[in-house]
Amino acid sequence: MAVPNKTSLNLERNGWEIDLSWKSISNSLGTKIERKREDESTYSLIATVSGGDTDFIDLTANINLSNVYRVKSFNADGDSAYSNYVLSDAVKLLSVYTYAVSGSSLDNFIVLEDSWSAAPSASGV
């Protein structure tokens, strides 16, 4: 058995979650997932998953900081080269709004985007 080949890493942010996925490597026994936050100088191992797994949801990320990820597969002969790295930019919490809904209850809405525009004018309504 040879050392596994390098894989390709993808990232998607889904609200507060950071979803990582990669291509399966046939001779891999598992994948090591590493993260480095913008305020850190080195990567840290955050999880190890079995060889059949091709995705991971990072629920421990501080989304107020940028996070950089990389993965490497492993087997009994050693580790693959690192994947490409992927970056999750920091989410800037702009505001928390409270709106009256149907005059009877209140819901809170959190704006997560980096920018927003004002609602259209209510004139003439």
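This short talk describes the strands of a predicted model, with attention to strand E6 and one of its residues, Ser73.

Let me begin with the open sheet. Three strands make up this sheet, in the order E1-E2-E5, and their pairing is antiparallel. Its edge strands are E1, residues 9-14, and E5, residues 55-58, each of which pairs on one side only. From one strand to the next, the twist averages 20°. Strand E2, residues 17-22, is joined to E5 by 4 bridges in the antiparallel sense. As an example, Asp19 has Ile57 in E5 as its bridge partner.

I now turn to strand E6, which spans residues 67-75. Which strands pair with E6? Strand E3, residues 30-37, runs antiparallel to E6 and is joined to it by 8 bridges; here Lys36 is partnered with Val68. Strand E8, residues 86-88, is also antiparallel to E6, with 3 bridges, and Asn67 has Ser88 as its partner there. Finally, E7, residues 78-79, pairs with E6 in the antiparallel sense over 2 bridges. E6 and E7 form a hairpin, with 2 residues between them.

How many residues of E6 are buried? The count is 9 of 9. Asn67, Tyr69, Val71, Ser73 and Asn75 point one way, while Val68, Arg70, Lys72 and Phe74 point the other way.

Let us close with Ser73. Is this residue buried or exposed? Its relative accessibility is 1%, and buried means under 20%, so Ser73 counts as buried. Leaving aside residues up to four places away in sequence, Ser73 touches several others, among them Pro4, Ile25, Gly30 and Asp79.

Key:
Residues numbered from 1 in each chain as written. Predicted model: local features only at pLDDT ≥ 70, side-chain atom pairs only at ≥ 80, totals over all residues. Heavy atoms only, no water. Pairing = 2+ DSSP bridges. Axes fitted to C-alpha atoms, helices over the stretch in contact; angles between N-to-C directions. Buried < 20%, exposed > 50% of the residue type's maximum accessible area, 1.4 Å probe, protein only. Contact = heavy atoms within 4.5 Å.
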